[in-house]
Amino acid sequence: MTGARFLLTLLLFWCPGQPEAAAPVQERRLNVVMVIFDDLRPVLGAYGDHLASTPYLDAFARGSHVFTRAYSQQALCAPSRNSLLTGRRPDTLHLYDFYSYWRTFAGNFTTLPQYFKEHGYYTYSSGKVFHPGLSSNNTDDYPLSWSAPAFRPRTEQFMNSPVCPDREGVLRKNLICPVELQTQPYKTLPDIESVAEALRFVESRKHLREEPFFLAMGFHKPHINFRFPKQFLAKFPLSQFYNYTDDRVKPPNMPAVAWNPYTDVRSRDDFKQSNISFPYGPISRDQAAQIRQGYYASVAYVDDLFGKLMAGLDMDNTVVVVLGDHGWSLGEHAEWAKYSNFEVALRVPLMIRSPQLPLARTEYHHGITELLDVFPTLVDLAGLPPLPVCRNSQDLTCSEGKSLYPQLTDQRLGTADEHVALSQYPRPGMLPTKHPNSDKPKLRNIKIMGYSLRTDLYRYTLWVRFHVQNFTRDWHDVYGEELYDHRLDSGEELNLVPLPEFDDVRQRLRRRLMELVGS
């Protein structure tokens, strides 16, 4: 199916007022494609963002179930991805950084692709799916998760190299890096390579219909640096990003332990010379607008590649899930990057499309969901044996999330207040530091864990002493506490903890958080 035909098909399905078709019972085994974007917050037209230029993701949404409140378990690549792909929380995996492999460090837990592989699927990974390195055994968990070695683009090695030409032609390690492809190593970029490989794989499977496939396609962008073909920058006038948020300084009642000093942004060549005050900044208005512009241009770039990927799929025989691994702050609270427990760092797009559940228009779901829910949901959509709920840490094949299949098929999944999202972030101390890096502390340096509970109405976060020797926490040793009411404060600007009228709510949410996390 060509890109034009894909868009036309989705637009034809989108007929306002037309009732949704009933989900037919399918006996054939469907292919499954999971698309992961790195650091993607919901800056999509389908999520109501009027600055976004995402025509292909928006077209995909018009035939999809769109979850408007989906949350990552930790706003850092490796912990989030390993949690998503194993269906386990970071506390179960004991992974909060990049430097341990769950099978040898925590338990030989079955992964999402492994489960499909064990049930007759050919599984393949293209691009950034598992985080590379120790956290996936330097193999992307091959051969346990994948039927063939995972594809990593050869240009990936240059992601943090000086490949961004400045006005004098000197190559820099810049944060904002629009480029001409002809000037780049191998005259291409990692995500272009990964999509080409994914399409090659799909084409190679067309004559093997008796064996369904599970394909995971991982985009590197919009993760920094913002390196993309320069024509995408022209879509976004810089002027529209100056008033993106009114935040210029850290909110007065934000605990210091909650702050992330965006060390990776500061370290880039085009920001080093600004000598941004550590830890609270601020960044200048011009630089703030440029970062936002670069982020949106990066999203537009991978949206274009996403359209090419979708055009190569047989959408009548394929379940597709699209998600981000975590969000990214664009100046809210005067913060940048991820590395926090705030809504902007944890909330992600999550969209699911299945030929079993054809839709005439976007079906929005506003309940609280987690990335943990993806594993059991895809299992159910593929008609595989249901994934049991984990009862203890000794269960190797199970999930700590819930299946969204009942919700997709219009069955009740419970009231809004029953479902919550639980996330967490570690710190080496109660103050932001460069050494150790309080944005990305290594396991041995972690002294504090911030647990964040997102309910239908509130976000409640508690920062407590954490003991890495035995992975326990002391609920009585508190370093910070936050409460935000999303009915009045969707930006999480006003910490309500000091206000006595919210004390009952605070105590109730604290008890619920402690019950969910455990001792």
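The accessible surface of the protein chain comes to about 20200 Å² (Shrake-Rupley method, 1.4 Å probe), and 53% of that surface belongs to carbon and sulfur atoms. This is a predicted model, in which local features need pLDDT of at least 70 and side-chain atom pairs count only at pLDDT 80 or more, while totals for chains, interfaces and linings use all residues. Residues are numbered from 1 along each chain as its sequence is written, and side-chain values use heavy atoms, with hydrogens and water left out.

**Overall form**
- The C-alpha atoms fill a box of roughly 60 × 60 × 50 Å along the principal axes.
- The protein chain has 14 helices and 17 strands, which are DSSP runs (H or I, at least four residues, for helices; E, at least two, for strands) numbered from the N terminus.

**Interior and contacts**
- Of the 519 residues, 61% are buried, meaning under 20% relative accessible area (1.4 Å probe, protein chains only).
- Contacts are heavy atoms within 4.5 Å; of those between residues at least 6 apart in sequence, 74% join residues at least 24 apart.

**One hairpin**
- Strands β16 (residues 458–467) and β17 (residues 472–485) run antiparallel and are joined by 10 bridges; strands pair if DSSP finds at least two bridges between them.
- H467 has T472 in β17 as its bridge partner.
- Four residues lie between the strands of this hairpin, where F471 takes a positive phi near 55 degrees.

Terms used:
Buried < 20%, exposed > 50% of the residue type's maximum accessible area, 1.4 Å probe, protein only.
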